Structures are given as structure tokens and as C-alpha cells.
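Colleague: I am new to this one. Could you take me through it and tell me what the terms rest on?

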Amino acid sequence: MPLEALSHDVTPVGLHYLLVHYDIPLIDEKEWRLSVGGLVDREVSLKLAELRDRPAVTLTVTMECAGNGRAALSPRPISQPWLLEAVGTAEWTGTPLRGLLEEAGLKPEAVEILFSGRDRGVEGGEAQQFERSLPPEEALGDEVLLAYEMNGSPLPPQHGFPLRLVVPGWYGMTNVKWLERITALERPFSGYQQAQGYRLRQDPGEEGEPLTRMLPRSLMVPPGIPDFGTRERTVRAGPCTVRGRAWSGLGAIERVEFSADGGAAWADARLGPPSDGWAWRSWECEWEPHEPGPVELCCRATDAAGNTQPLEAPWNLGGYANNAVQRVPVTVTSE
Ligand SMILES: Nc1nc2c(c(=O)[nH]1)N[C@H]1C(S)=C(S)[C@@H](COP(=O)(O)O)O[C@H]1N2
Ligand SMILES: [Mo]
């Protein structure tokens with residue numbers, strides 16, 4: 001998502017970021033079914049129309065890839081080279097997962113719920129479908145949706161048509177696209193995307209910590225104008241309102257600060273209305289540069305749980321969860 005798209009409350013579909021591990025599958029709605037099985041009393045198989053007939057909920061949700069910010073780490077982990085653009089906010093419409101799991105009769109012995117997508121590929125030397133699991137208490141959250149619409153239209157192929165999981169507050173990989181099977185498991189899932197990928201570790205041999213919810217982050221719409229070739233930005237001296245968005249999967253955004261001197265001095269930004277809980281919150285700050293020359297603009301968010309963005313993020317092998325403050329170098333000009 002180009003950062004100027006932070007201006008939209010809801011990201012237009014073509015500006016929402018995309019992450020696709022393998023190929024985008026072509027799915028025929030007529031042959032597609034969602035099956036629910038494993039440790040349940042009754043196996044269920046549903047057509048898209050049957051899912052659409054169930055109770056529907058629309059939630060505005062900010063989704064961010066766990067690898068957002070990876071390209072700023074050094075040495076640079078080899079994977080999607082995201083700067084800061086792997087985020088977007090959409091209105092997801094679907095049916096709550098909880099009702100479906102209750103109807104299927106989820107057994108108390110189930111330790112995890114597995115979500116399997118249709119797409120296949122090879123990763124870490126293993127041929128696989130894209131699959132991720134959640135503990136039952138997370139999967140049963142009221143806000144967890146089986147979504148068939150994005151911004152009021154059927155899911156486009158690249159965002160998971162005909163159905164995807166949406167788990168508000170969690171990093172992107174949790175939101176399994178092209179969903180076709182839900183399995184209640186008696187043992188924790190040990191597939192690649194759970195046991196190898198999406199873990200915070202320093203060495204390949206380490207078990208590491210699984211990534212779960214999004215750490216707080218704020219981003220600004222870079223002010224001024226870019227140079228076509230170098231992308232260096234210039235801003236004319238005079239009053240300027242810097243605007244942006246902030247979010248966290250760990251608590252509501254309570255504070256955003258802005259700095260026009262590389263993070264030496266900070267001022268509180270004005271926050272927009274609190275979000276309904278799962279969407280980013282807008283913020284703005286007045287800035288009036290007088291002197292021509294280079295400056296570095298920064299912003300920093302703090303959530304209700306007291307988590308704040310660090311000035312420098314710790315390195316990890318996969319390059320995940322780098323939520324260091326955004327730094328936007330600009331040159332102030334008198335013309
Ligand atoms: N089936 C499947 N689901 C998937 C993925 C995938 O490659 N296959 N990518 C995941 C990752 S890593 C992210 S960040 C989000 C991206 O969702 P989006 O492309 O709709 O923005 O989808 C997740 N769900
Ligand atoms: Mo991701």
C-alpha cells in the first residue's frame with residue numbers, strides 16, 4: 001500500500017497490500033465447499049450460498065504483514081522486502097466462526113483449530129498447502145470471521161475468493177485465504193507455517209516464539225513531494241499538517257507522538273475518534289518548518305497496554321515484527 005493511501009479510512013481494494021506465498025488459485029464457486037471436521041460431533045460441509053445465509057457481520061479491520069519493516073533490518077533477512085507498506089484496512093463481511101464451530105459440536109479435547117487454504121507450494125523444502133492454526137479460545141472470539149466480502153464486494157481472487165479467515169488484531173499470516181477446510185486437532189499443528197515460519201528466533205536451530213498479535217505502529221503520509229528517481233522528498237517552508245494512522249493488536253491506541261528532529265523532541269499528535277476496536281486510528285500534528293535544509297520526521301504510537309514503538313527494533317532471523325518508529329527524511333525549501 002503506497003503510504004499516501006493512509007489518507008483513506010478504508011483502503012480501496014486495489015491499494016490494500018497483498019501477500020501471496022504461492023500461486024493465486026482459480027476456484028469455481030460451484031464446486032467449492034468449506035468442510036469442518038476433526039474433533040467435532042458432526043462433520044459439516046457448506047456451499048458459499050449456505051455461508052451467506054448464516055448471520056452476517058461486517059468489521060473494519062487493519063491487517064498488517066508480520067514482515068512489515070523487514071527491509072530496514074541489517075543484515076537484511078531474505079523474504080518479502082517490505083519497507084512499511086504491508087498494511088491496509090478493509091471492511092470484511094462474513095459469518096462468525098464461533099457459531100459454525102458450536103453447531104459442529106467442537107469437542108473439549110480439541111487443542112487447536114487448523115485452517116487450510118487451497119493454495120499449494122514448496123517452502124523450507126516441503127510441499128504444502130498454506131495452513132495455520134489457532135488455540136480454541138482465540139478461534140472462538142466473537143470477532144473472528146469467515147469472510148466472503150471485502151469492502152462490500154465478493155472477495156477478489158487475490159484476497160482469498162471465495163472465503164478467508166479474518167482474525168482481527170493478529171498479524172496477516174493468521175488470516176488464511178482460499179479457505180477450504182477447518183479441522184479441530186488433538187495435537188498442536190506442527191506444519192511449516194506454524195513450526196518453522198512466523199517465529200521470533202536468532203538462529204535456525206532455535207524453537208523461537210510464535211508471532212501472534214500486531215505490535216503498535218504509527219505511520220504518516222509522507223509530506224511534500226517525491227523526486228521521481230531518488231524518491232527524496234521536499235516540503236515548502238510554512239504551516240503543514242502531518243497526518244497518519246496508528247494501530248495495535250494489543251490494545252487501543254492511546255497516544256501518538258510526532259518529532260521533527262529525528263526523535264530528539266516529541267510532541268503529542270491530536271488523535272481522531274477512537275476506532276471500533278479493530279481499525280487504525282487517525283492522527284494529525286501541526287508542523288511549521290522555517291529554516292530550509294534537511295530534517296527527519298518521526299512518529300511513535302503507544303497502546304492501552306502500555307506498548308510503545310522502539311527507536312530501534314531488535315533483529316531476528318525472519319525479519320518479523322519490526323515496529324521501530326517511522327523515519328521520513330525531507331528537505332525543507334524556501335520555494
Ligand atoms: N492461503 C493463504 N493465506 C494467506 C497467505 C497465503 O499465502 N496463502 N498469506 C498470508 C499472509 S503472510 C498475509 S500478510 C495475508 C495477506 O493478506 P492480503 O494479501 O489479503 O492482504 O494473508 C495471509 N493468508
Ligand atoms: Mo504476511
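Modeller: Start with Pro162, in the loop between strand S8 (153–154) and strand S9 (164–166). Strands here are DSSP runs (E, at least two residues), numbered from the N terminus. The peptide bond from Phe161 to Pro162 is cis, with omega near 5 degrees.

Colleague: What should I know about the model and its numbering?

Modeller: This is a predicted model, where local features need pLDDT of at least 70 and side-chain atom pairs pLDDT 80 or more, while totals for chains, interfaces and linings use all residues. Residues are numbered from 1 along each chain as written, chains are lettered from A and ligands numbered from 1 in written order, and side-chain values use heavy atoms, without hydrogens and water.

Colleague: Which peptide bond does Ser74 share with Pro75, cis or trans?

Modeller: Cis, with omega about -5 degrees. Pro75 sits in the loop between S3 and S4. Most peptide bonds are trans.

Colleague: Why is Thr93 called buried?

Modeller: Its relative accessibility is 11%. Buried means under 20% relative accessible area, exposed over 50%, partly exposed in between (1.4 Å probe, protein chains only). Therefore Thr93 counts as buried. Thr93 is in strand S4.

Colleague: What makes Thr93 and Thr58 a polar contact?

Modeller: Their side chains are joined at 2.8 Å. The rule asks for a pair of N or O atoms within 3.5 Å; within protein, one must be able to donate a hydrogen and the other to accept it, and sequence neighbours count only through side-chain atoms on both sides. The 2.8 Å value is within that limit, so the pair qualifies.

Colleague: Why does Asn151 count as partly exposed?

Modeller: Asn151 has 22% relative accessibility, so it falls in the partly exposed class. Asn151 also has a positive phi of about 50 degrees, although it is not a glycine.

Colleague: And why is Ala321 called buried?

Modeller: The relative accessible area of Ala321 is 13%, so it is buried. Its phi is positive too, near 55 degrees. Most residues other than glycine have a negative phi.

Colleague: How is the protein chain divided?

Modeller: Into domain 1 (3–210) and domain 2 (217–333). The bounds come from an automatic or database domain assignment.

Colleague: What makes Asp9 and Arg245 a salt bridge?

Modeller: The N to O distance is 3.0 Å. A salt bridge needs a side-chain nitrogen of Lys or Arg within 4 Å of a carboxyl oxygen of Asp or Glu. The rule finds two salt bridges across the interface of domain 1 and domain 2.

How values were computed. Helix = DSSP H or I, 4+ residues; strand = E, 2+ residues; numbered from the N terminus.
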